[in-house]
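Thanks for coming. I have one model to show today, so please look at the screen.

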Amino acid sequence: MTSADVRRTVSPRKSKIRWDPALDNAIVVTNHHSYDQNGINGGPYSTHENESTPLLGPSPAFHSSSSYYGVIFSRSLKSVTVPKPTRIRQALHDTAIVSLRAIPAVLLGSLLNILDGVSYGMIIFPTSAPFTNLGPMGVSMFFVSCVLAQLCFTFGGSGFAGANGSMMIEVVPFYHILAASIAQNIGEDKPAEVIATTIVAYALSSVLTGLSFFLLGALKLGTLIGFFPRHILVGCIGGVGAFLIETGLTVSMRIPDDNFVIDLRTLKFMFLEPHTLALWTIPLGLAILLRVITSKWSHQLIFPVYFVVIPILFYIIVAAAQVNLDELRENGWLFDIPGGVKGQPEKWWRFYTYFDRNLIHLEPLWSTLPTQFALLFFNILHPPLNVPALAVSLNEDVDTNKELVAHGYSNILAGVFGTVPNYLVYVNTLLFYRVGGDTRVAGFLLAVATTVLLLVGTGPIAFIPVTVVGALIFVLGIDLVKEALWDTRHRVSRTEYITIVSIIIAMTVWDFVIGVLFGIVVSCFFFVVQNSQMRSIRTFHTGNTMMSTVRRPNAQRAYLKEVSRQTTILRLQGFLFFGTITYVEEAIRGILDAPSWQRNPVRFLVVDLTLVAGVDMSSAEAFVRVQRVLAAKYVTLVFCGFKVDSAVGKALKSVGIMGTEGVELFLTLNDAMEWTENVYLKAYYRSQKLEMGIPFALPGRQDVDVISSYQSSQTSVSSPRHTMLSEVGSRTIANELRSPPMLEDTATSEPFLTLVRAFSSFEEFDFNQFLALVPYLQRMSVPEGFVLWRQDEPSDGLYLIESGILRATYEFAEYAQNIEESMVPGTLAGELSALSDLPRNATAVAERPAVLWKLSTENLRLLGTEEPNLARVFTHMVLKSAKIDYDTLLAALAGRQ
């Protein structure tokens, strides 16, 4: 497409657009005039718009008007044509319609800001000296923070088009601590310096909060906040609620914060003086009445309308009683706002007059850093929780990290402009959306309206009843305490509930920094206690119930089934630390106690750490102590389920237990069990000097002379464990070595002897009939690594293993770990696939050089035709062997769950 073609596409009129040749992905916006019942299709008040783009960019709020400009949106576009006057008028008309539709939402948002400002802005500063009568200044700082947050969120910072920004009201308790600390360091006799330094401390908290939000969002770490214990946050919220209730009492009774101490004198002042009793009970009663109303009706407008009606009723009563306003102000029913110059109301920018280098003290600022960090810690917990909750409520998909970056900008700006931290308010934004404030135009108009409120000044506050402010503070305080104590009573555990209550008490009795630290300490204590009570031992097994997946001749399997009772398997789980390892150590020592040892002496202790997430130093050192006790009993400690370079392996290696004599390590439990079984077999064959008498091969690791080395260290080889091996071997493996009765003299060569080894232990029958099977078998000699068949390949026959070792690997689509099965001399391989004529279910490889006897599928059919009786007996024996093999395999897999 040429530049001329592009110009014709954009507009039929002549225009001059400087075009970048690199432009290749332009989005052409043409003129559309389709309408629906909601207005212009895709326009600023369409229900299908996307409000996640900035106000002053190619926002969907101006999709309809963008067509009137004939704009081609592209990063390479250098300039655009000047729109026609008619199109400008149409764009202004559309914007005006959106603005008119946003008026109800703007009025509601302004009302909510007024209510929040006069309630929470008034208490930014303490009411004690030298901060007395600084409530109006706090309201001004509140509105400045609101305006900055609203502009940042509206002009593309937030993914919520109608996001409402406001001051973080939860910082008020920390601000009182900061102010009290600064006043104590500087001295109340220097009020201007105290106030100036305090305001700078407030601005510093905004900057620190903004930097934290920005880094969390820029580094994509917003989800980390979700790992913070929720019940600690709930306890802190409850502490804020208790603080607000206390503040509501001091504001309502018109007394300084530092004069409010729960003692007999204060209680007499509150309950025995009728005037004081009326001052605080009326706003408290109004707050309770509101919550009774909202418990029955849940309309969103009840809250703002309620607090509009209260001052109206107040002045109706005042007018009816003809009470003088100055008299009401003296009696504490109206705020006493000090005048500015010449008795005029003070200006909104009064707090900027305190930014004087000669008034600011740096040393007290440094002393407030611990409180600043506690405040920062509390601040960063809210947006990552509020943003996802608001996204769910509004059914919008937003990026939490982007919202954190926006919060970073808004709070850094708040610090630069010398005001308090801010954030996106969940409740205000939700109400704003539900009355039509779901566009960026509405958000911008709310910022303008809030600016007007700021410029009007704090003079009207003198006519707001104290009852209204007190009721607002009580409502929020009651809500937060209810959320912390009542709503969680059936949702958290007993220890978590105790933590919540203890945090609230600590914050109320001492201060918020101590409360937060106390909550963390209590949570850690309960975490240790709870996890210490959890069972780190998942299961106890003996070797005869957790045999390996090695396919062995039946005589060897019978031998191992009995002697493997000398193997104890201990499967652990979770994180092993000083609180849980004690139980594990006691359990291991119980195995070695005299009564248990006499019933079942142990040769191997297999400790499976597959499900263990980590091991602390206390646990690692406990294993060292355990190993010393085991070595004294000639018991081998076998670890499995981890690698040396893993976290668990490094922890055990750091205490020197890895590599110690009498300690073995395997990657999996099956490898460990395979090795212990090999040790038992090796010990018997060596004791009988029969290793060379028959084909004998062991899979896996070959360092299996553990029992022999222990025997050489013992004073007597006739220990109960060694005696058990000899007795069991004489009943099982010894039968394998004896020639079956009534064999012909010629039946002394292969493959007949291997056939006898494979089937001799099943039942009594004439083995001479197997001589007729020999001609159907084909001898194969395969090298190490030779692949006999692959999974899903057609079956070509079954194999009888004379010598060597085969290893079959089973792969499952929905099982991450493959299953391996070793096959030793005297066993069958591939029998089920051959008999059923189905594809192979595993891949078989020669682990060691092997001699095999193959019965191909062709010879198997030929055997059925020529020797039907022999084929029937042989098939019966193969199926019986296969059942036993697969029962053993399934039992081994089931025991590892």
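Predicted model: local features only at pLDDT ≥ 70, side-chain atom pairs only at ≥ 80, totals over all residues.

Residues are numbered from 1 along each chain as its sequence is written, and side-chain values use heavy atoms, with hydrogens and water left out.

Confidence comes before the fold. pLDDT is the predictor's confidence in each residue, from 0 to 100. The protein averages 79, and 82% of the residues score at least 70. Over residues 1-80, pLDDT is below 50, though this stretch has 122 contacts in the model beyond near neighbours in sequence; a contact means heavy atoms within 4.5 Å. Residues 710-716 also stay under 50, and the model gives them ten contacts beyond four places in sequence.

Now the totals. The protein has 33 helices and 19 strands; these are DSSP runs numbered from the N terminus, H or I over at least four residues for helices, E over at least two for strands. Of its 897 residues, 53% are buried. Buried means under 20% relative accessible area, exposed over 50%, and partly exposed in between, with a 1.4 Å probe and protein chains only. Among contacts with a separation of 6 or more, 80% join residues 24 or more positions apart.

Four strands form an open, antiparallel sheet in the order 12-19-14-17; strands pair if DSSP finds at least two bridges between them. Strand 12 (778-782) and strand 17 (828-829) are the edges, each pairing on one side only. Two bridges join strand 14, residues 797-803, to strand 17, and L800 has L828 as its bridge partner there. Helix 30 (residues 752-759) lies across strands 14 and 17, at about 100° to strand 14. The axes are lines fitted to C-alpha atoms, for helices over the stretch in contact, and angles run from 0 to 180 degrees between N-to-C directions.

Where does G121 sit? It is in the loop between helix 3 (85-120) and helix 4 (135-157). G121 counts as buried because its relative accessibility is 0%. Its contacts, not counting residues up to four places away, are D116, G135, G138, V139 and F142. G121 and G138 are 17 residues apart in sequence, and their C-alpha atoms are 4.8 Å apart.

Last, the cysteines. C640 is buried at 0% relative accessible area, whereas C524 is partly exposed at 45%. How many disulfides are there, taking cysteine sulfur atoms within 2.5 Å? A search of the whole structure finds zero.

Note on methods:
Disulfide = S-S within 2.5 Å.
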